[in-house]
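Q: I am new to this structure and would like a short tour. Could we begin with its strands?

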Amino acid sequence: MSFFGAGSSTTAGTSTTAPVEKDVEVADPPTDSISSLSFSPQAEYLAVASWDQSVRIYEVGPQGQTQGKAMYQHQGPVLDVCWNNDGTKIFSGGADNAGRMFDVTTGQATQVAQHDAPVKVVGWVNTPQAGILATGSWDKTIKYWDLRTPNPVATVTLPERCYTFDIQFPLMVVGTAERRIQIYNLSNPTTVYKELLSPLKWQTRVVSCITASEKSGFAVGSVEGRVAVHYVEDKDAANNFSFRCHRRDSTPNSKDQSQIFAVNSMAFHPVHGTLATCGSDGTMHFWDIEARTRLKSFDPAPGPISTGGFNRNGTLFAYAISYDWSKGHSGMTPGHPNKLMLHPCKEEEVRKRSRK
(Lines give C-alpha, C1' and ligand atoms only; values in the text may rest on other atoms or scores of the structure.)
Protein backbone atom coordinates (compact mmCIF):
# COMPACT_ATOMS: atom_id res chain seq x y z
CA MET A 1 0.00 0.00 0.00
CA SER A 2 1.53 3.28 -1.07
CA PHE A 3 0.38 6.51 0.56
CA PHE A 4 0.84 9.87 -1.12
CA GLY A 5 0.34 13.46 -0.08
CA ALA A 6 0.14 12.53 3.60
CA GLY A 7 -1.87 15.15 5.44
CA SER A 8 -2.53 17.06 2.24
CA SER A 9 -6.10 18.01 1.44
CA THR A 10 -8.22 20.70 -0.14
CA THR A 11 -11.51 22.10 1.01
CA ALA A 12 -14.03 24.61 -0.21
CA GLY A 13 -14.17 26.56 3.03
CA THR A 14 -13.29 26.70 6.70
CA SER A 15 -16.77 25.98 8.10
CA THR A 16 -17.46 22.41 9.18
CA THR A 17 -21.20 22.67 8.53
CA ALA A 18 -21.70 25.00 5.55
CA PRO A 19 -22.57 23.19 2.30
CA VAL A 20 -19.97 23.10 -0.46
CA GLU A 21 -20.89 25.64 -3.16
CA LYS A 22 -17.93 25.77 -5.52
CA ASP A 23 -16.12 23.05 -7.41
CA VAL A 24 -13.22 21.71 -5.36
CA GLU A 25 -9.81 20.82 -6.77
CA VAL A 26 -8.48 17.49 -5.51
CA ALA A 27 -5.04 17.57 -3.94
CA ASP A 28 -2.16 15.53 -5.41
CA PRO A 29 -3.70 14.62 -8.79
CA PRO A 30 -2.00 12.15 -11.16
CA THR A 31 1.05 13.46 -12.98
CA ASP A 32 -0.22 12.54 -16.48
CA SER A 33 -3.54 12.39 -18.32
CA ILE A 34 -6.50 11.09 -16.31
CA SER A 35 -8.30 8.37 -18.25
CA SER A 36 -11.00 7.11 -15.89
CA LEU A 37 -12.49 7.60 -12.43
CA SER A 38 -14.94 5.66 -10.28
CA PHE A 39 -16.56 6.25 -6.90
CA SER A 40 -16.97 3.42 -4.40
CA PRO A 41 -20.59 2.19 -4.21
CA GLN A 42 -20.31 1.94 -0.41
CA ALA A 43 -18.27 4.91 0.88
CA GLU A 44 -16.85 8.25 -0.18
CA TYR A 45 -13.73 6.95 -1.89
CA LEU A 46 -12.68 7.82 -5.44
CA ALA A 47 -10.39 5.68 -7.61
CA VAL A 48 -8.59 7.45 -10.47
CA ALA A 49 -6.71 5.86 -13.39
CA SER A 50 -3.95 7.70 -15.23
CA TRP A 51 -1.48 7.51 -18.07
CA ASP A 52 1.24 7.86 -15.40
CA GLN A 53 0.71 4.08 -14.87
CA SER A 54 -0.98 4.54 -11.51
CA VAL A 55 -4.35 4.12 -9.85
CA ARG A 56 -4.86 6.52 -6.97
CA ILE A 57 -7.51 6.24 -4.26
CA TYR A 58 -8.79 9.39 -2.53
CA GLU A 59 -11.01 9.82 0.49
CA VAL A 60 -13.60 12.58 0.05
CA GLY A 61 -14.75 14.41 3.18
CA PRO A 62 -18.18 15.93 3.83
CA GLN A 63 -17.01 19.42 2.81
CA GLY A 64 -15.28 18.26 -0.36
CA GLN A 65 -11.87 18.02 1.27
CA THR A 66 -9.79 15.20 -0.17
CA GLN A 67 -6.86 13.10 0.94
CA GLY A 68 -4.84 10.54 -0.96
CA LYS A 69 -5.13 7.17 0.77
CA ALA A 70 -3.42 4.63 -1.47
CA MET A 71 -1.84 4.06 -4.87
CA TYR A 72 -0.83 1.05 -6.95
CA GLN A 73 0.89 0.63 -10.31
CA HIS A 74 0.52 -0.90 -13.74
CA GLN A 75 3.42 -1.31 -16.17
CA GLY A 76 1.81 0.99 -18.74
CA PRO A 77 -0.89 3.66 -18.96
CA VAL A 78 -4.04 2.73 -17.00
CA LEU A 79 -7.14 3.08 -19.20
CA ASP A 80 -10.08 2.19 -16.93
CA VAL A 81 -11.03 1.57 -13.29
CA CYS A 82 -14.07 0.23 -11.40
CA TRP A 83 -15.13 -1.17 -7.99
CA ASN A 84 -16.88 -4.33 -6.93
CA ASN A 85 -20.30 -3.93 -5.34
CA ASP A 86 -19.26 -4.16 -1.70
CA GLY A 87 -16.49 -1.59 -2.13
CA THR A 88 -13.69 -3.87 -0.95
CA LYS A 89 -11.86 -4.24 -4.28
CA ILE A 90 -10.79 -1.97 -7.15
CA PHE A 91 -10.14 -3.27 -10.66
CA SER A 92 -8.18 -1.62 -13.44
CA GLY A 93 -7.07 -2.34 -16.99
CA GLY A 94 -4.14 -0.92 -18.86
CA ALA A 95 -1.82 -0.75 -21.84
CA ASP A 96 0.32 -3.45 -20.17
CA ASN A 97 -2.39 -5.90 -21.38
CA ALA A 98 -3.24 -6.67 -17.75
CA GLY A 99 -6.20 -6.39 -15.44
CA ARG A 100 -5.26 -5.76 -11.82
CA MET A 101 -7.10 -5.90 -8.51
CA PHE A 102 -6.43 -3.79 -5.41
CA ASP A 103 -7.76 -5.19 -2.14
CA VAL A 104 -8.82 -2.22 -0.02
CA THR A 105 -8.70 -4.21 3.23
CA THR A 106 -5.17 -5.59 2.79
CA GLY A 107 -3.63 -2.88 0.58
CA GLN A 108 -2.31 -5.52 -1.83
CA ALA A 109 -2.44 -5.29 -5.63
CA THR A 110 -2.40 -8.43 -7.81
CA GLN A 111 -2.79 -9.22 -11.49
CA VAL A 112 -6.11 -11.01 -12.15
CA ALA A 113 -6.56 -10.76 -15.94
CA GLN A 114 -4.43 -11.00 -19.10
CA HIS A 115 -5.08 -10.08 -22.74
CA ASP A 116 -3.03 -10.01 -25.94
CA ALA A 117 -3.48 -6.23 -26.31
CA PRO A 118 -4.32 -3.28 -24.03
CA VAL A 119 -7.29 -3.71 -21.68
CA LYS A 120 -9.50 -0.75 -22.58
CA VAL A 121 -12.38 -1.26 -20.15
CA VAL A 122 -13.19 -3.18 -16.96
CA GLY A 123 -16.55 -3.82 -15.31
CA TRP A 124 -17.94 -5.71 -12.34
CA VAL A 125 -20.78 -8.16 -12.95
CA ASN A 126 -22.69 -8.59 -9.69
CA THR A 127 -24.27 -11.97 -10.40
CA PRO A 128 -26.60 -13.60 -7.86
CA GLN A 129 -24.08 -16.41 -7.27
CA ALA A 130 -20.69 -14.66 -7.20
CA GLY A 131 -19.16 -11.57 -8.69
CA ILE A 132 -17.37 -11.77 -12.03
CA LEU A 133 -14.87 -9.32 -13.54
CA ALA A 134 -15.39 -8.48 -17.23
CA THR A 135 -12.47 -7.07 -19.25
CA GLY A 136 -12.68 -5.70 -22.79
CA SER A 137 -9.57 -5.40 -24.93
CA TRP A 138 -8.21 -4.19 -28.22
CA ASP A 139 -7.47 -7.88 -28.91
CA LYS A 140 -11.17 -8.09 -29.94
CA THR A 141 -12.28 -10.12 -26.93
CA ILE A 142 -14.22 -9.75 -23.71
CA LYS A 143 -13.12 -12.11 -20.97
CA TYR A 144 -14.99 -13.02 -17.79
CA TRP A 145 -12.91 -13.80 -14.70
CA ASP A 146 -13.85 -15.65 -11.53
CA LEU A 147 -11.24 -14.28 -9.12
CA ARG A 148 -10.86 -17.68 -7.49
CA THR A 149 -9.30 -19.13 -10.65
CA PRO A 150 -6.37 -17.87 -12.77
CA ASN A 151 -7.94 -18.43 -16.19
CA PRO A 152 -11.02 -16.76 -17.68
CA VAL A 153 -14.26 -18.67 -17.15
CA ALA A 154 -15.43 -17.54 -20.60
CA THR A 155 -14.19 -15.55 -23.61
CA VAL A 156 -16.33 -13.71 -26.14
CA THR A 157 -14.88 -12.86 -29.56
CA LEU A 158 -15.94 -9.42 -30.76
CA PRO A 159 -16.20 -8.22 -34.38
CA GLU A 160 -13.67 -5.46 -33.69
CA ARG A 161 -11.53 -3.84 -30.96
CA CYS A 162 -13.42 -3.09 -27.75
CA TYR A 163 -13.55 0.66 -27.16
CA THR A 164 -16.13 0.84 -24.38
CA PHE A 165 -18.74 -1.10 -22.47
CA ASP A 166 -21.13 -0.51 -19.60
CA ILE A 167 -22.98 -2.88 -17.28
CA GLN A 168 -26.35 -2.45 -15.56
CA PHE A 169 -27.05 -6.06 -14.64
CA PRO A 170 -28.35 -8.00 -16.48
CA LEU A 171 -27.65 -5.62 -19.39
CA MET A 172 -24.19 -5.17 -20.90
CA VAL A 173 -23.68 -2.92 -23.93
CA VAL A 174 -20.40 -3.07 -25.85
CA GLY A 175 -19.10 -0.50 -28.35
CA THR A 176 -16.30 -1.52 -30.70
CA ALA A 177 -14.38 -0.05 -33.59
CA GLU A 178 -16.27 0.33 -36.89
CA ARG A 179 -19.34 1.58 -34.96
CA ARG A 180 -20.46 -1.90 -33.93
CA ILE A 181 -22.76 -2.17 -30.89
CA GLN A 182 -23.35 -5.53 -29.20
CA ILE A 183 -25.96 -6.07 -26.48
CA TYR A 184 -25.71 -8.93 -23.98
CA ASN A 185 -28.08 -10.36 -21.40
CA LEU A 186 -25.60 -11.38 -18.72
CA SER A 187 -27.81 -14.27 -17.70
CA ASN A 188 -26.34 -15.75 -20.89
CA PRO A 189 -23.07 -13.79 -21.07
CA THR A 190 -21.40 -15.46 -24.05
CA THR A 191 -24.28 -15.06 -26.51
CA VAL A 192 -25.05 -11.79 -28.28
CA TYR A 193 -28.65 -10.76 -27.54
CA LYS A 194 -28.71 -8.07 -30.21
CA GLU A 195 -26.23 -6.51 -32.61
CA LEU A 196 -26.50 -3.23 -34.49
CA LEU A 197 -24.53 -0.43 -36.06
CA SER A 198 -24.33 2.69 -33.91
CA PRO A 199 -27.18 5.13 -34.60
CA LEU A 200 -24.41 7.74 -34.95
CA LYS A 201 -22.37 8.13 -38.13
CA TRP A 202 -18.95 8.54 -36.52
CA GLN A 203 -16.66 6.57 -34.24
CA THR A 204 -18.10 5.42 -30.92
CA ARG A 205 -16.36 6.95 -27.92
CA VAL A 206 -18.47 5.82 -24.97
CA VAL A 207 -21.63 3.91 -24.05
CA SER A 208 -23.59 4.13 -20.80
CA CYS A 209 -26.56 2.02 -19.64
CA ILE A 210 -29.71 3.89 -18.65
CA THR A 211 -30.56 3.83 -14.95
CA ALA A 212 -33.76 4.64 -13.02
CA SER A 213 -35.99 3.72 -15.95
CA GLU A 214 -38.55 1.01 -16.64
CA LYS A 215 -37.22 0.69 -20.18
CA SER A 216 -33.90 -1.08 -20.84
CA GLY A 217 -31.58 1.05 -22.95
CA PHE A 218 -28.33 2.91 -23.33
CA ALA A 219 -26.74 6.11 -24.57
CA VAL A 220 -23.86 6.18 -27.04
CA GLY A 221 -21.54 9.14 -27.57
CA SER A 222 -19.32 9.73 -30.59
CA VAL A 223 -16.32 11.77 -31.67
CA GLU A 224 -18.59 14.20 -33.57
CA GLY A 225 -20.34 15.81 -30.60
CA ARG A 226 -23.52 13.79 -30.70
CA VAL A 227 -25.33 11.41 -28.33
CA ALA A 228 -27.93 8.78 -29.26
CA VAL A 229 -30.39 7.29 -26.79
CA HIS A 230 -31.38 3.78 -27.87
CA TYR A 231 -33.73 1.27 -26.24
CA VAL A 232 -33.07 -2.45 -26.37
CA GLU A 233 -36.56 -3.80 -27.08
CA ASP A 234 -38.31 -3.16 -30.39
CA LYS A 235 -41.51 -2.08 -28.61
CA ASP A 236 -39.63 0.94 -27.21
CA ALA A 237 -37.99 1.94 -30.50
CA ALA A 238 -40.28 4.95 -30.92
CA ASN A 239 -38.43 6.53 -27.99
CA ASN A 240 -35.02 6.38 -29.71
CA PHE A 241 -33.51 9.75 -30.56
CA SER A 242 -30.20 11.58 -30.90
CA PHE A 243 -29.03 15.09 -30.11
CA ARG A 244 -26.07 17.39 -30.66
CA CYS A 245 -23.81 18.47 -27.83
CA HIS A 246 -20.23 19.64 -27.22
CA ARG A 247 -20.23 21.96 -30.22
CA ARG A 248 -19.31 25.60 -30.54
CA ASP A 249 -20.06 28.10 -33.27
CA SER A 250 -16.82 29.06 -34.97
CA THR A 251 -18.21 32.55 -35.49
CA PRO A 252 -21.19 34.18 -33.77
CA ASN A 253 -24.58 33.36 -35.34
CA SER A 254 -23.01 30.91 -37.76
CA LYS A 255 -24.79 27.68 -36.93
CA ASP A 256 -23.57 25.84 -40.00
CA GLN A 257 -19.89 26.31 -39.17
CA SER A 258 -19.73 24.85 -35.69
CA GLN A 259 -16.60 23.39 -34.16
CA ILE A 260 -17.28 19.78 -33.22
CA PHE A 261 -15.78 18.01 -30.20
CA ALA A 262 -15.76 14.42 -28.96
CA VAL A 263 -18.08 13.19 -26.22
CA ASN A 264 -15.46 11.70 -23.90
CA SER A 265 -17.57 10.48 -21.01
CA MET A 266 -21.17 9.87 -19.98
CA ALA A 267 -22.77 8.91 -16.66
CA PHE A 268 -26.35 8.45 -15.52
CA HIS A 269 -27.40 9.86 -12.15
CA PRO A 270 -27.89 6.94 -9.71
CA VAL A 271 -31.14 8.34 -8.27
CA HIS A 272 -32.82 10.49 -10.92
CA GLY A 273 -31.56 8.79 -14.09
CA THR A 274 -30.51 12.08 -15.71
CA LEU A 275 -27.44 12.04 -17.96
CA ALA A 276 -24.11 13.85 -17.61
CA THR A 277 -21.83 14.29 -20.63
CA CYS A 278 -18.23 15.54 -20.70
CA GLY A 279 -16.46 16.69 -23.85
CA SER A 280 -13.23 17.70 -25.52
CA ASP A 281 -14.51 21.28 -25.62
CA GLY A 282 -14.01 21.61 -21.84
CA THR A 283 -17.73 21.65 -21.04
CA MET A 284 -20.07 19.31 -19.24
CA HIS A 285 -23.86 19.13 -19.41
CA PHE A 286 -26.66 17.52 -17.43
CA TRP A 287 -29.64 16.26 -19.49
CA ASP A 288 -33.16 15.00 -18.86
CA ILE A 289 -33.42 12.44 -21.65
CA GLU A 290 -37.11 11.76 -21.04
CA ALA A 291 -38.00 15.43 -21.48
CA ARG A 292 -35.28 15.71 -24.15
CA THR A 293 -33.93 18.87 -22.59
CA ARG A 294 -30.68 20.21 -21.15
CA LEU A 295 -30.88 20.86 -17.40
CA LYS A 296 -27.55 22.64 -16.83
CA SER A 297 -24.33 23.51 -18.67
CA PHE A 298 -20.90 24.13 -17.21
CA ASP A 299 -17.84 25.57 -18.90
CA PRO A 300 -15.17 24.96 -16.25
CA ALA A 301 -12.12 23.91 -18.23
CA PRO A 302 -9.40 25.47 -20.41
CA GLY A 303 -8.89 22.06 -21.98
CA PRO A 304 -10.73 18.76 -22.55
CA ILE A 305 -12.73 17.06 -19.81
CA SER A 306 -11.53 13.50 -20.24
CA THR A 307 -13.81 11.65 -17.81
CA GLY A 308 -16.49 12.16 -15.16
CA GLY A 309 -18.83 10.30 -12.83
CA PHE A 310 -21.32 10.58 -9.94
CA ASN A 311 -20.79 9.31 -6.44
CA ARG A 312 -23.09 6.63 -5.00
CA ASN A 313 -25.99 8.95 -4.10
CA GLY A 314 -25.46 11.53 -6.85
CA THR A 315 -24.54 14.44 -4.58
CA LEU A 316 -21.06 14.82 -6.12
CA PHE A 317 -19.85 14.73 -9.71
CA ALA A 318 -16.10 14.21 -10.20
CA TYR A 319 -14.46 15.24 -13.47
CA ALA A 320 -10.95 15.46 -14.89
CA ILE A 321 -9.59 18.45 -16.82
CA SER A 322 -6.97 16.53 -18.73
CA TYR A 323 -5.66 15.75 -22.20
CA ASP A 324 -7.94 13.19 -23.87
CA TRP A 325 -5.50 11.98 -26.57
CA SER A 326 -7.94 13.01 -29.32
CA LYS A 327 -5.03 14.54 -31.26
CA GLY A 328 -2.57 11.73 -30.58
CA HIS A 329 0.91 12.15 -29.15
CA SER A 330 1.46 15.48 -30.93
CA GLY A 331 -1.38 17.05 -28.97
CA MET A 332 0.25 16.35 -25.61
CA THR A 333 1.91 19.74 -25.32
CA PRO A 334 3.90 20.91 -22.26
CA GLY A 335 1.90 22.71 -19.62
CA HIS A 336 -1.37 20.98 -20.47
CA PRO A 337 -3.77 21.24 -17.49
CA ASN A 338 -4.21 18.08 -15.45
CA LYS A 339 -6.73 18.59 -12.67
CA LEU A 340 -9.20 16.45 -10.78
CA MET A 341 -12.32 18.35 -9.66
CA LEU A 342 -15.39 17.72 -7.50
CA HIS A 343 -18.68 19.42 -8.35
CA PRO A 344 -21.36 19.49 -5.62
CA CYS A 345 -24.65 18.67 -7.37
CA LYS A 346 -27.66 20.83 -6.64
CA GLU A 347 -31.01 19.08 -6.81
CA GLU A 348 -32.32 21.34 -9.57
CA GLU A 349 -29.30 20.46 -11.74
CA VAL A 350 -29.89 16.71 -11.71
CA ARG A 351 -33.60 16.19 -11.03
CA LYS A 352 -35.86 15.43 -13.98
CA ARG A 353 -38.21 18.19 -15.10
CA SER A 354 -41.70 17.88 -13.68
CA ARG A 355 -44.30 16.75 -16.21
CA LYS A 356 -47.21 19.09 -16.76
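Q: Which residue in strand 5 is the bridge partner of Val-60?
A: The partner of Val-60 is Thr-66 in strand 5. Please note that this is a predicted model, in which local features need pLDDT of at least 70, side-chain atom pairs count only at pLDDT 80 or more, and totals for chains, interfaces and linings use all residues. Residues are numbered from 1 along each chain as its sequence is written, and side-chain values use heavy atoms, with hydrogens and water left out.

Q: In what sense do strand 4 and strand 5 pair, and over how many bridges?
A: Strand 4 and strand 5 (residues 66-73) are antiparallel, with 7 bridges. Strands are DSSP runs of E with at least two residues, numbered from the N terminus, and two strands pair if DSSP finds at least two bridges between them. The two form a hairpin with 5 residues between them, and Gly-64 in the turn has a positive phi of about 85 degrees.

Q: How does strand 3 pair with strand 4?
A: Strand 3 (residues 45-50) pairs with strand 4 in the antiparallel sense over 5 bridges. Val-48 is opposite Arg-56 of strand 4. This hairpin has 3 residues between its strands, and Gln-53 in the turn has a positive phi of about 75 degrees.

Q: Is strand 4 mostly covered or uncovered?
A: Strand 4 (residues 54-60) is mostly covered, as 6 of its 7 residues are buried. Buried means under 20% relative accessible area, with a 1.4 Å probe and protein chains only.

Q: Where does UniProt place the feature "repeat: WD"?
A: The unreviewed UniProt entry places it at residues 27-60, 71-112, 112-155 and 263-297. Such annotations may be inferred rather than shown by experiment. In the model, residues 27-60 are 0% helix and 56% strand, with end C-alpha atoms 11 Å apart. For residues 263-297 the figures are 0% helix, 60% strand and 14 Å.

Q: New topic: how many disulfides does a search of the whole structure find?
A: The search finds 0 disulfides, a disulfide being a pair of cysteine sulfur atoms within 2.5 Å.

Q: Are Cys-209 and Cys-278 buried or exposed?
A: Cys-209 is buried, at 1% relative accessible area. Cys-278 is also buried, with 0% relative accessibility.

Q: Lastly, which residues line the largest cavity?
A: The lining includes Ile-210, Tyr-231, Glu-290 and Lys-352. By type, the lining residues are 4 nonpolar, 3 polar and 2 charged.

Conventions:
Buried < 20%, exposed > 50% of the residue type's maximum accessible area, 1.4 Å probe, protein only. 1 Å grid on protein atoms, 1.4 Å probe; cavity = no way out; pocket = protein on both sides within 12 Å on 5 of 7 lines; lining within 4 Å. Nonpolar A, V, L, I, M, F, W, Y, C, P; charged D, E, K, R; others polar. Helix = DSSP H or I, 4+ residues; strand = E, 2+ residues; numbered from the N terminus.
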